[in-house]
Amino acid sequence: MPARLKVAAISLLLLLAGACSPGSGPQSPHAADYPEFAKWLEHVAATAADSRARLTAERVATSAEALYSLDQKRLRELLAEDFIQHNPMLEGGRDGLLSISGADAAPRGGGVNLMAGTAHVLVDGDRAVIHRMGKLGPLATVNFDVLRFDDLGQLAEQWNFVQPIAAGLAENLLFSLVVPRPLDLIPAQHPSGGALSGDRPGFATPYTATVQQSEANKTLVLSYLTQLGGGAEPSELAAYLDPEFVLHAPGMAPGRQAWLELLGRSRRRGAAPVVVMALAQNDLVWVLGKLAQIPEEDIPELAAADLFRVRDQQIVEQWRLVQPSPRFSRNSNGLF
């Protein structure tokens, strides 16, 4: 397939996934019914850096049901009058999200409850990041939902970043201990969380860091990205990565050596991404970057959303999502 058509096809699939992903099936979800999601909310609230972040955690807990079920009555109360929508398939204000009813979303959601597919949640200031599984036809998607709340507790801004995951990628894991595969093989709709919870040891003992440690983790990640974008040699980048580093990205080998070798061959090395947003809590750092387009190869501007886990001043895990900027949008807000 020609590069231009391939990029256009991928862009269309991503946009459709973004538009459909809020659908949660005919039953409205509730955070308390999904232990994995509830545990994350409890953890992020208990370890919030300040009262503002604690409020954000509480607001995510109280708004999740309305947001993921598209409950029209509750959404009208939740959305700020000047709400900003970054999903290119929707109009930019409140009306874009309110135009999709829960009944409309149910067939597209296919009965998979999104909160049961939650992998990580972090809060920083007035913003929250939810890392979860979504759906694109019969296949799983990896999603980052970013929510910003205003001082009145209303949802003021929303970003959705989506990447489809091909079935059978046994060489890498999207979530810890979970191989990406068709959704009908993943019991994500079970209240227990099913395969997405498993016996993943990382959440059994949640990691807690001081505010200073969280900020140091953010500084480390941003320094790594600066070096990466500045054309640093793989040998220099290796100092940032734990020997047991794992990369969760579709189609890529997960280990440190494989990643460094790929960087050494990359034609984009030396093209620094513009950091648009960087959020951190405990050992997690989430960064949204903007990669410039490459006109001669018909590659559009890219949104790169990365979640990093940092321990002892080294990056031990990274979850990567790359989404092309759309050529057309129903709003003027853009992905960023």
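This is a predicted model: local features need pLDDT of at least 70, side-chain atom pairs count only at pLDDT 80 or more; totals for chains, interfaces and linings use all residues.
Residues count from 1 along each chain as its sequence is written. Local features need pLDDT of at least 70 and side-chain atom pairs 80 or more, while totals for chains, interfaces and linings use all residues, and side-chain values use heavy atoms, leaving out hydrogens and water.

Me: Which strands sit at the edges of the open five-stranded sheet?
Reply: The strands (DSSP E runs of at least two residues, numbered from the N terminus) come in the order E6-E10-E9-E8-E7, with mixed pairing. Pairing takes at least two DSSP bridges between two strands. Pairing on one side only marks the edge strands, E6 (241-248) and E7 (274-281).

Me: Why is the pair of Phe 144 and Trp 286 called edge-to-face?
Reply: Rings of Phe, Tyr and Trp (its six-membered ring) pair if their centres lie within 6.5 Å; planes under 30 degrees apart are stacked, over 60 edge-to-face and the rest tilted. Here the centres are 5.9 Å apart, and the pair is edge-to-face because the planes make 65 degrees.

Me: Is Phe 161 buried or exposed?
Reply: Buried means under 20% relative accessible area, exposed over 50%, and partly exposed in between (1.4 Å probe, protein chains only). Phe 161 has 1% relative accessibility, so this residue counts as buried.

Me: Which residues do ring pairs link into a cluster?
Reply: Phe 161 and Trp 286 have ring centres 6.3 Å apart and planes at 45 degrees, so they're a tilted pair. Ring pairs make a cluster of Phe 144, Phe 161 and Trp 286.

Notes:
Helices (H or I, at least four residues) and strands (E, at least two) are DSSP runs, numbered from the N terminus.
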